[in-house]
Amino acid sequence: MTKKYLGQRITRNEDPRMLTGQALFVDDVEIPGMLHAAFLRSDYAHARILSIDVSAACNRPGVVAVYTAEDMGDFWKPGPLLVPAPRGIEGAFFHARTQIPMARDKVRHVGEPMAVVIGESRYLAEDALADIVVDLEPLEAVADLERALDPDAPLVHDDMESNLGSFVPQRKGDYEAAREQADLVIQRRIVIDRGAAAAMENRVLVAHWDAKSQEMTIWDTTQAPIPLRNGLAGMLGLAEHQVRVIAPFIGGAFGPKIMMFQPEEVLLPWATMKLNRPIKWIEDRRENFVATTQERGQIHDAESALTKDGHILGVKDVFLHDSGAYDPYGLTVPLNSQNHVMGCYDIPSYYSELKMVFTNKMIVTPVRGAGRPQGIFVIERLLDIAAKELDIDRAELRRRNNLQPDAFPHNHKIIDQAFAEFVIDSGNYPATLARALDMIEYEKFIKEEQPALRAEGRHVGIGVVAFIETTGVGPYEGARVTIEASGKVSVATGVGTQGQGHFTAFAQIVADQLGVDVRDVHVVTGDTAHFHWGTGTFASRGAVVAANAINAAAKGVRVKVLKLASKVLGAPEEELELADGMVRVADIPDQSIGLGELAVLANPMRGAVEPGSEPGLEATDYFGPQYGATANGTHAMILEVDVETMMVEIKRYVVVEDCGTIINPLILEGQVHGGVSLGIGNSYYEQLVYDDNGQLLNGSFMDYLIPRSTDMPPRIEIGHEVTPSPLNPLGTKGAGEAGAIPVPSLFAQAVEDALYDYDLEVLEMPLSPNRLFELCYQKGS
Amino acid sequence: MKPAAFDYYAPSTTEEALAYLDQFGYDAKPLAGGQSLIPTMNFRLAQPSVLVDLNPIVDLSYIRPHEDGGLLLGAMTRASQVERDPLVAERAPLVHETMPSIAHPQIRNRSTMGGTMAHADPAAELPAVAIALNAQFRIRGQAGDRWVSVDEFFLGMFMTVIEPSELLVEVRLPPMPPRSGWCFREIARRHGDYALVGVAAMVTLDGGNQCDQARLVFLSVEDRPVPARRAAEMLQGQTPTAEAIQAAAETAATEDIDPGSDIHASASYRRQLAKVLARQALTQAFARARGVA
Ligand SMILES: Cc1cc2nc3c(=O)[nH]c(=O)nc-3n(C[C@H](O)[C@H](O)[C@H](O)COP(=O)(O)OP(=O)(O)OC[C@H]3O[C@@H](n4cnc5c(N)ncnc54)[C@H](O)[C@@H]3O)c2cc1C
């Protein structure tokens, strides 16, 4: 394998199409006779359905059908539990209550569908929604996590004894003993609120049953086309090959699009078979706020025990996790939180209790970060508080507790989201920290600049926090690589793509293996007709799991190329090299053959393919990691607070990131930028505000504040450490979520530092200026 | 988020438009820049059965000097035109200073002077500025025109004195007296958002550098723009020292306004912002009046 492209900052193969409007998005799909769906969604968070009368809606001109749960008959079923609970944790339990396609007896959150209108246009379908008469008996709702556990709290699921959906205690070492020995014990309550994923493109779906070909085609903004296909085929009683799921270009996903089977994803395929007409549904932004999954709500009672020289002896954390109305995604999010509380530190003892709680709010599934930001927030805050109490510099305290480079593989000895012991494969945490401190000029800032600015009355603060990100979990991905008669290479893999640059990063790997121009590698992702083995794009795993599968398949093709070329050119394989789309005998340039020509020879029109060989220059391969690779990083920022208005301005932002081997720094840095912007949103702007009745109070972009480019720091300075993962041949670790993970803890630290004379301790996220004002000016309220 | 069905008329004269409004009464809505009306229709919060589009009426779009030294602005003049117009910058510098705070360039390319005033959003900038400038509104019905002073124009949230059968056709800004200073300040979570609190200040000095007149108007604090009358009275006849300004700003924030709480800002945070903004705006306005800023 040459290294012409790997690690190069090349522009993206997909961008000319994207930037000139030539990329296919689901909404671009137009089929003659296509109908449009609109959903009637509950305005109540909790209510019993007494009756739904759709007769007037059915009679409206342009309406083709109106369905409620009743009409679905046996097809109506709660969705599958996508991620089961881990086994073998003593004292743990988990109650699965998965989402339903349409509410039947009661509604459990605002936005839950109760009926669907299918009409000749979306306009007409929306008109007909107003014709549906629903008789609801409102029930008391539980929106607040703690209130949900009160013995007299209303039950989200009537068949349960309480709203406690799961309990998972995990322990490592003996925390109580550690506490006994400690010089300092810090105890705090930490509250983290919800946010939205808010992808630019909402969820969109076209389902087309073709009765003549007996084939179902579904275009879906999903992160997991293959499991979706397999599941739907089962539900619809079709063979898997009769169902094709295409996830074309997608305008961002950030987690919720991994969630299956969303009510709309079940209803449209079912309805297209009933009506024998294609149907499109476009989630509008108002729906997105109440119909797409969300994340982050947790309350932690956290504790750390330290020696007086700042060594952590143990950590204890008992936390409530808001699951919303259902728990189809199992414990992925809270398990991540539970694991990440140990951060990148050597923590000898840990006791944690995870309590997953049902509430009458939108379902929680992973959103970029997926529980990790909460865990990191807890440990980083505990460290900051300890640093103050012990009068040890924040950075020094982290240095003292960092896992050292020789500590890997390091077994944290608790069960992680992959249901195995949480083992960190590799990393160089002290180097990452040192580099970030260096880049932001930490010493100079706190010794010279900050005192001078404070003397002028300015409130400028610095923050530095470290984090880990578990990435690249199994089970596996696969790919098929083919050299075509044109000499160009096509690659098919099962993961969906939502802006990660797969068409370039994957092409770089293949181009290096086969010695072709990266622009001549054509990648297809997310189309089950092209590749139908795999799971999907989540857990920052594309560049780890899919990329290594692609690398393996490309290697397989390389082997075939060398074998055939050796025969054709009459030279031993060791003397052959692949470059410029040709196979050459090294040092004899005219003794060569183009890959296209070779591909034709491998697929003869006459003669015979030798026994034991296959036609073509093609290979399929798979990769499944032994366990997930863990990336890490350190972020640092300098910000200023205007203490009269409590408006915060980020002045500098530094990221040092170690995601192992870098495939394309340009794409990687784009991922970091995006992650940081979500992190800044989670810290300062984005908060889904629910009232006590489970009503979302800011379900529009007017009131739900996403940071815009103009709200971002002027520059994000990025440094890279590279500690290749020993767990895969490319040495990659994931990077998709990393950017978002440490930002809230960083922001908290920097704000506290800026407001040094306000005696502020930040124990919550997000933190609006309004809230900062309350915390600083209205103590006690 | 699709609007309910409606009929659409595109008259080319004001008279025609008024005839449609008269015919359809409460069922009809004039459509100006559409930047507020269309979103409300998409949310189905408004379901007018008739839209009377004012965009084809070219003679409602103008910026003209008035002989008294003031300005006349046609109702269909786009915010972006106002923003870039040199005459506005010269004769109504407060308006000129305010324009970039309103929404975003794309929205200002469509939204109109008349639409902003008629919409009467308590968080909008220009209504507050209009009060600070003592604007006059020309309202036209089939029976003819009437002039309404700004103090009578705004009735409450999204409510003005314009009748369903009438159109706002012109906004008149009186000339700015000599030795006047101005300032617009607001605080928004993100640039272009509706402000948490905003303030428009206009002040005039007398020959002895004392405050002859001060107007200080807040937005986003109540159901309509709120002039700070007590603060203005406190300043009148005073030398605008830092202390006097500070005292006026505190009075404005504590006595002149009665802000509410919402998810973005509590009442007390709004008062704090009002105090800070009033101080900053008055300081700047007086400095400009003295010709030192
Ligand atoms: C994302 C976004 C951000 C925004 N931010 C701000 C902001 O920060 N500050 C701000 O002030 N505004 C803001 N706006 C609102 C924008 O400036 C408004 O659109 C404007 O205030 C209304 O003007 P319009 O011409 O678009 O009116 P339209 O939306 O067309 O009409 C508004 C109302 O006025 C009526 N109307 C219009 N013209 C007349 C007339 N001549 N006579 C009688 N009635 C009439 C209409 O019937 C309707 O009821 C924002 C809008 C958007 C979409």
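User: How many residues of chain A and chain B are in contact?

Analyst: In this predicted model, 31 residues of chain A are in contact with 26 residues of chain B.

User: What area is buried there, and what part of it comes from carbon and sulfur?

Analyst: Between chain A and chain B about 2500 Å² is buried, and carbon and sulfur atoms give 53% of that area. On the chain A side, Arg286(A), Glu644(A) and Arg708(A) supply 23% of the area buried against chain B, which is more than any other three residues.

User: How many salt bridges are there between chain A and chain B?

Analyst: The count between the two chains is 3 salt bridges. One of the salt bridges in the model joins the side chains of Asp127(A) and Arg44(B), with an N to O distance of 2.8 Å.

User: And how many residue pairs are in polar contact between chain A and chain B?

Analyst: Between chain A and chain B, 15 residue pairs are in polar contact, counting pairs with both residues at pLDDT 80 or more.

User: Which elements of chain A give two or more residues to that side?

Analyst: They are helix H3 (122-129), helix H7 (285-291), helix H16 (665-685) and helix H18 (769-777) of chain A. The largest share of the side that touches chain B comes from H18(A), with 5 residues. By residue type, this side of chain A divides into 14 nonpolar, 6 polar and 11 charged.

User: Changing topic to chain B, what domains is it divided into?

Analyst: Chain B is divided into domain 1 (7-53), domain 2 (58-173) and domain 3 (180-289). The C-alpha centres of domain 2 and domain 3 of chain B lie 21 Å apart, and the contact takes 25 residues from domain 2 and 22 residues from domain 3.

User: What area do domain 2 and domain 3 of chain B bury between them?

Analyst: The area buried between domain 2 and domain 3 of chain B is about 2000 Å², with 60% of it given by carbon and sulfur atoms. Within domain 2 of chain B, the residues that lose the most area to domain 3 are Glu97(B), Pro122(B) and Ile131(B), which together make up 24% of what that side buries.

User: What about salt bridges and polar contacts there, how many of each?

Analyst: Across the interface of domain 2 and domain 3 of chain B the rule finds 1 salt bridge. Arg288(B) and Glu97(B) have side chains that meet in a salt bridge, at 2.7 Å from N to O. On the domain 2 side, the elements that give two or more residues are helix H5 (93-98), helix H8 (125-132) and strand S8 (154-156) of chain B, and the largest share, 6 residues, comes from H8(B). The residues of that side divide into 16 nonpolar, 5 polar and 4 charged.

User: Back to chain A, what does its domain assignment give?

Analyst: The assignment gives domain 1 (15-22 + 474-623), domain 2 (32-139 + 199-253 + 256-292) and domain 3 (298-473 + 626-778) of chain A. For domain 1 and domain 2 of chain A, the C-alpha centres lie 38 Å apart, while the contact takes 22 residues from domain 1 and 18 residues from domain 2. These two domains bury about 1400 Å² between them, 58% of it on carbon and sulfur atoms.

User: Which side chains meet in a salt bridge at 2.7 Å in chain A?

Analyst: Those of Asp527(A) and Arg244(A) do, the distance being taken from N to O, and the count between domain 1 and domain 2 of chain A is 1 salt bridge. The side of domain 1 that touches domain 2 divides into 6 nonpolar, 14 polar and 2 charged residues.

User: Last one, why does Lys355(A) count as partly exposed?

Analyst: Lys355(A) counts as partly exposed because its relative accessibility is 23%, and partly exposed covers the range between under 20% for buried and over 50% for exposed. Lys355(A) lies in strand S16 (residues 349-358) of chain A, and among the residues it touches are Leu164(A), Phe167(A), Val318(A) and His321(A).

Conventions. Residues are numbered from 1 along each chain as its sequence is written. Chains are lettered from A and ligands numbered from 1 in the order in which they are written. This is a predicted model: local features need pLDDT of at least 70, side-chain atom pairs count only at pLDDT 80 or more; totals for chains, interfaces and linings use all residues. Side-chain values use heavy atoms; hydrogens and water are left out. Contact means heavy atoms within 4.5 Å. Buried area is the accessible area (1.4 Å probe) that two parts lose on being put together, summed over both. A salt bridge is a side-chain nitrogen of Lys or Arg within 4 Å of a carboxyl oxygen of Asp or Glu. A polar contact is a pair of N or O atoms within 3.5 Å; within protein, one must be able to donate a hydrogen and the other to accept it, and residues adjacent in sequence count only if both atoms are side-chain atoms. Helices (H or I, at least four residues) and strands (E, at least two) are DSSP runs, numbered from the N terminus. Ala, Val, Leu, Ile, Met, Phe, Trp, Tyr, Cys and Pro count as nonpolar, Asp, Glu, Lys and Arg as charged, and the others, Gly among them, as polar. Domain bounds come from an automatic or database domain assignment. Buried means under 20% relative accessible area, exposed over 50%, partly exposed in between (1.4 Å probe, protein chains only). Lists of a residue's contacts leave out its neighbours within four places in sequence.
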